[in-house]
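Biologist: I would like to learn how to read a few backbone features. Please take them one at a time.

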Amino acid sequence: MKVLLAKPGLDGHDVGVKVLAHALKEAGHKVVYTGLRKSIEEIVQQATDEKPDIIGLSILSGTHQILCEKLTEEMLKHKLNIPWIVGGNIPAEDVEALRKTGAVEAFPTGTQIETVVGYIINFKH
Amino acid sequence: METKTVNKKAEEIKKVFLESGLEVKPVYTYRDEYNSEPGFEEELPGQYPFTRGIHPLMYRKRPFTIRQYAGFASPEETNERFNFLIKNGQTGLNVAFDLSTQCGLDSDDPRALGEVGRVGMAIDTLEDFEIAFNGIDLDKITVSMTINGSAIVLIAMYFALAEKRGYDIKNLRGTAQNDILKEFIGRGTWIFPVDKSVKLVIDTIEYCAKNVPKYSPVSVCGYHIRESGANPVQEMAYAFCIAKAYSDETMKRGIDIDEFASRLSFNFDIYGNLFEQIAKFRAGRRLWARIMREEYQTKKEESCWLRMIAGGGGAGLTKEQPENNIVRTAYYALISALSGTQTMALCTYDEAFTIPTEKSAEIALRTMQIMIDEMGICDTVDPLGGSYYIETLTNEMESAIIKEMDIVDKQGGIIAGVASGKIQEAVSKQAYIREKAIQDGKTLKVGVNCYKKEEEKRTVEFHPYNIDAANRQVVKLKKKRAERNNEQVFKLLGAVRENAKENVNLMPSIIAAVKEYASVGEIIGVLKEVYGEYDEPIFF
């Protein structure tokens, strides 16, 4: 599996995304991490170039809904069809809204790493 | 039920290691303290090397300052919260800025989408500062600003505000976080390349040493380094390496160490083992004093003081059973007081998932007040001094911090280590080890990997995002841009650009520009033209 992990927006909390990157690498997967503060346009561009099997967004500032809507829009524009998940400071009642926006799954903080890694590994188009 | 075997042989007793790797013995006696230097039993608080506290009477004379982190939405809403906190007995303000302000973007910048006023207050021009601090006496309430990447502009605004309101900045107190090196390690609100970022910090230190001598331009943060995964020894070691780097760079400008060292302050984190944290602070205080006197040959006693804010950290809190966080933060407060901090702040119990509500902010405030007024915490200085365990651990922590600092020095120093990403890599590895230990159940966390409760109902109220305030902020900025003397603004922005190219101290030209209502985004934009932006090395 090739996973693109991305930090959209201005949020600088990257402990979680790096812990996940470590865990995925340890499980034998290829991980590409964008680094902090990427615009959705930049992330979609990188996804186009890297062709990952799945994209993971990490957002902890509470801006998830706005940024995820933008991602769906931008991917549609570029006719890019890659499944994506989102993790971070996400209230439970926002999870369903994020799924409706296009996320295949949303993982609030507190989710076990194993759960996320397991989800990614077992994900099928 | 498991039955315990009585009469376990000593070698069968499970070994205990602290997060920093030090081993803990089951019992300590006076013999352990024989490892200390001669005469340590005579050491008093307020005396070099200040293991027991930087002042002779500490809280007996005045309790620690309570300074809760606050600020959200617009300057108008923040001003209301400030007044609420002051009315409730808070003696200092700790200002939170939104991410656009922290990253040097104006509220109408497309990259600020959804961020305006979300995690702190939005500041675009000096007008916003005038509103936020309306009715607050800058002589009576000390203001601390959590700002880093764009700190030079916000510090300039604070000084401009004080001058416009008629205060003599020679007597102005307050603190800016302004520790950019730690932003590269954790937190992430860097803007410019590492060397240029450090240059801006040194500009503020130099300017303050000469013009605003009572202001603390930098608060070196072990806090965020620890929140990003570092263990307590790394937290102290990296913070001291950073503080030394700023000192070295300032001295290169011909400024004597005693002209600024006493204005450097520190911000440390509390979670984890109670005794390890207390020993960490006592060891840190002693080591910093020794570094300042022995390595830097400071002459003033205050230059050796490890002045600090020590607060209950968010990383120790859990999203599960959030009310337990009230108990955790009360312990953190106790640790902080037993450690002899100057200022205290506590994360609120709901901070694991939202920014504090008025209710949760009040509980945190009351937690500290209960300790001061009901627990006798202020009666005597360093009440744990002389404990066999604490004194032994203090010695061991000091040695461990020195060892960790040596590793950084051998790798070429903290600035090079941050620029290459080596330090970030070490911290992120540590974060992974910690997280794995929690997930594997080796490190216990109540409600997370033990004493779990199924199907918890959420009992936390969320602090809502105020979209109207964000929209108002944009309207206000546009109005200000139309009203101000734009010819003058562009001229002053040009001066900032020239000063940046000539590599002179930027504080005077930025102060002049903000007084004419040049915005944060405009000034940072000009500096980006000259300095470029940081290219993050990717390590995990």
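**Loops and sheet**

Modeller: B:Gln297 sits in the loop between helix H9 (274-295) and S11 of chain B; helices (H or I, at least four residues) and strands (E, at least two) are DSSP runs, numbered from the N terminus. This is a predicted model, where local features need pLDDT of at least 70, side-chain atom pairs count only at pLDDT 80 or more, and totals for chains, interfaces and linings use all residues. Residues are numbered from 1 along each chain as its sequence is written, chains are lettered from A and ligands numbered from 1 in the order in which they are written, and side-chain values use heavy atoms, with hydrogens and water left out.

Biologist: What is the phi of B:Gln297 near?

Modeller: Phi of B:Gln297 is near 50°, a positive value in a residue other than glycine.

Biologist: Does B:Gln297 count as buried or exposed?

Modeller: Buried means under 20% relative accessible area, exposed over 50%, partly exposed in between (1.4 Å probe, protein chains only). B:Gln297 counts as exposed because its relative accessibility is 52%.

Biologist: And how are strands of a sheet read?

Modeller: Strands of a sheet pair through backbone hydrogen bonds, either parallel or antiparallel. Two strands pair if DSSP finds at least two bridges between them. In chain B, 5 strands form an open sheet in the order S3-S12-S11-S10-S9, with parallel pairing. Its edge strands, S3 (65-66) and S9 (218-221) of chain B, each pair on one side only.

Biologist: Over how many bridges do S11 and S12 of chain B pair?

Modeller: S11 (residues 308-312) and S12 (residues 343-346) of chain B pair over 4 bridges. B:Ile309 has B:Thr343 in S12(B) as its bridge partner.
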